[in-house]
Amino acid sequence: MSSQDILQSVSTLASYNVLLQVMFRVLTFLLNAFTLRFVSKELIGVVNVRVPLSVLWAVLLVSVWLWLLEVPDAQAVPYYSPAVMLFALSGVQELLVEPLWVLAQAHMFVRLKVVAESLAMIAKCSITVILVVFAREWGLYIFSAAHLVYTGFLVLCYAAYFIRFLGSKEAARKSFPLRRVGDLLPRREYGEVIARLTWSFFKQSFLKQILTEGERYVMTFLNVLSFGDQGVYDIVNNLGSMVARFIFLPIEESFYIFFAKVLERGRDVRNQKQDEVAIAAEVLECLLKLVLVIGLIITVFGYAYSHLALDIYGGSLLSSGSGPSLLRCYSCYVLLLAVNGVTECFVFAAMSQEEVDKYNFIMLALSVSFLFLSYILTWWAGSVGFILANCLNMGLRILHSLLYIHHYFQRSQWKPLRGLLPSPLILLALGISGIVTAVSEAFFCCNSGWLLRLVHICVGTICLLGVLVAVLLTETELVQFVRTRLLPRYRKKHT
């Protein structure tokens, strides 16, 4: 398969992943907005405590959650103990489907992912709504049962597909490397190089889990926030990360596959096929420019519209107190998430096994410092401290990735890091928009009725259109990349 064919397949995967994530986030957004009217923020805080995966960890940590950590009041959070066990069981189910998900992602089985995750999410939302309306007294049973149904649907869909697919004529035509279901089971036939690389990525994934979810463990084990404050933080975190999850994450996952297939891991750029390196550099530059522009827009407009968004989403439960400040800080964090996702997906695709091992030591140091910073900054600034710690951690990860990419292309003619330099016109438009929307919020939002709120929304819409016009006028290569690579209708014409 040529690099252009790989790029086209990956672009299709990214497009459908984005559409799928948009659908999921819209459903989740509506579901959470509905649920907030019926349950307390303490219950939401308990629901969002994560039970780590695998049977061993499930058994161990169920014991920790039930007998070592503080158990919430049974009146405020009913059925806590059995719900923890159901969450652990759903985690084990999700782990069972993980190898099949990775296999489908690597071979770009777009339809399987769309169908499986759509059915699972629809089932989860349906169960949640029905139980919230008709059995509200079940408490945590509602959310644990809904998540158990979600992971169960994933297991059924992926297992049914691969049982039918393996050994079929379609699998033979595609030269699929596995021929029967037994090939999915662990074996000792893999080479030492692959085994060592797998172990390196496993350690890296474990450390990334700490960096990604570390603040939740600090919340849970050190009791730095009450369950109510944890609930507000989790809601704001989920709302603030919507764009990161339904745009940035699908791009990161899909184009990691592209870079891994086009580039030869661990080889110097001069010793690789130059036409494929050129395509990789061009794609990396365009992706950096794309996520940077989106991240800057979210950062600028997030400041003036955080209070209004939370008020619409959850009423005074979220818009009063620390909620707006949390979401404003998170808007800045989204920019760092955007850049880090693209830079790391390239770095992880290009690193050799030795470089991955070396980076694991860096990740270990970052993990320890992040947990320490989370505790200190939370003690100093409350829940905002978690976001500040995340920003510092993400900044260090970006710095490492930028240094790697600069060194990787240093002796070549390509400079993909130019994608991090937006045009002066875009920066000017964003600066003016930030000032205008901040003034608009001070005069029109958010305690003077819906008419003035609509005026504030109209002001933001006009400013956003101005920024988009600046992008269309100055970033022609980026616009062409989005049209021909990420939008299915235009991509078909281009092909």
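**View 1. A cluster of aromatic rings.** Ring pairs join Phe255, Phe258, Phe259, Phe346, Tyr404, Tyr408 and Phe409 into a cluster. Here, rings of Phe, Tyr and Trp (its six-membered ring) pair if their centres lie within 6.5 Å; planes under 30 degrees apart count as stacked, over 60 as edge-to-face and the rest as tilted. What you see is a predicted model, in which local features need pLDDT of at least 70 and side-chain atom pairs count only at pLDDT 80 or more, while totals for chains, interfaces and linings use all residues. Residues are numbered from 1 along each chain as its sequence is written, and side-chain values use heavy atoms, with hydrogens and water left out.

View 2. How many aromatic pairs does a search of the whole structure find? The search finds eleven. A pair of aromatic rings is described by the distance of the centres and the angle of the planes. For Tyr161 and Phe165, the ring centres are 5.6 Å apart and the planes lie at 15°, so this pair is stacked. The two residues are four apart in helix α6 (residues 140–165), which means that about one helical turn separates Tyr161 from Phe165. Helices (H or I, at least four residues) and strands (E, at least two) are DSSP runs, numbered from the N terminus. Tyr161 and Phe165 are both buried. Buried means under 20% relative accessible area, exposed over 50%, and partly exposed in between (1.4 Å probe, protein chains only). Now turn to Tyr408 and Phe409: their ring centres are 5.0 Å apart with planes at 75°, so this pair is edge-to-face. Tyr408 counts as buried because its relative accessibility is 9%, and Phe409 is buried with a relative accessible area of 3%.

View 3. Side chains of opposite charge can pair when their charged atoms come close. A salt bridge is a side-chain nitrogen of Lys or Arg within 4 Å of a carboxyl oxygen of Asp or Glu, and by this rule the count comes to five. One of them joins Asp311 and Arg453, whose closest N and O atoms are 2.6 Å apart. Asp311 sits in helix α11 (residues 274–314) and Arg453 in helix α17, so the pair ties together parts that are 142 residues apart in sequence. Both Asp311 and Arg453 are buried. Arg328 and Glu441 form another salt bridge, with 3.0 Å between the closest N and O atoms. This pair links distant parts of the chain, with Arg328 in helix α13 (residues 323–350) and Glu441 in helix α16, 113 residues apart. Arg328 and Glu441 are both buried. Glu344 and Arg397 also meet through their side chains in a salt bridge, at 2.9 Å from N to O. Because Glu344 belongs to helix α13 and Arg397 to helix α15 (residues 384–408), the pair ties together parts that are 53 residues apart in sequence. Glu344 and Arg397 are buried too.

View 4. Is Leu100 buried or exposed? At 13% relative accessibility, Leu100 counts as buried. This leucine is found in helix α4 (residues 80–106). Contact means heavy atoms within 4.5 Å. Apart from neighbours within four places in sequence, Leu100 is in contact with Tyr158, Ala159, Phe162 and Leu184. The C-alpha atoms of Leu100 and Leu154 are separated by 10.0 Å, and the two residues are 54 apart along the chain.

**View 5. A nonpolar patch on the surface.** Leu425, Leu428, Ile432, Val436, Val469 and Leu473 form a nonpolar patch on the surface, with about 540 Å² of accessible area together. The elements giving two or more residues to the patch are α16 (424–444) and α17 (450–474). Helix α16 provides the largest share, four residues. Val469 is found in helix α17 and, at 46% relative accessibility, counts as partly exposed. Patches are made of residues with over 30% relative accessible area and no salt bridge: like charges are joined within 9 Å, nonpolar side chains (Val, Leu, Ile, Met, Phe, Trp, Tyr) within 5 Å. Accessible areas come from the Shrake-Rupley method with a 1.4 Å probe; for residues, only the protein chains shown count as cover.

**View 6. The whole chain and its confidence.** The protein chain has 19 helices and zero strands, and buried residues make up 51% of its 495 residues. Its pLDDT, the predictor's confidence in each residue from 0 to 100, averages 77, and 73% of the residues score at least 70. Over residues 41–54 the pLDDT is below 50, and this stretch has 50 contacts in the model beyond near neighbours in sequence. Where pLDDT is low, the predicted coordinates should not be read in detail.
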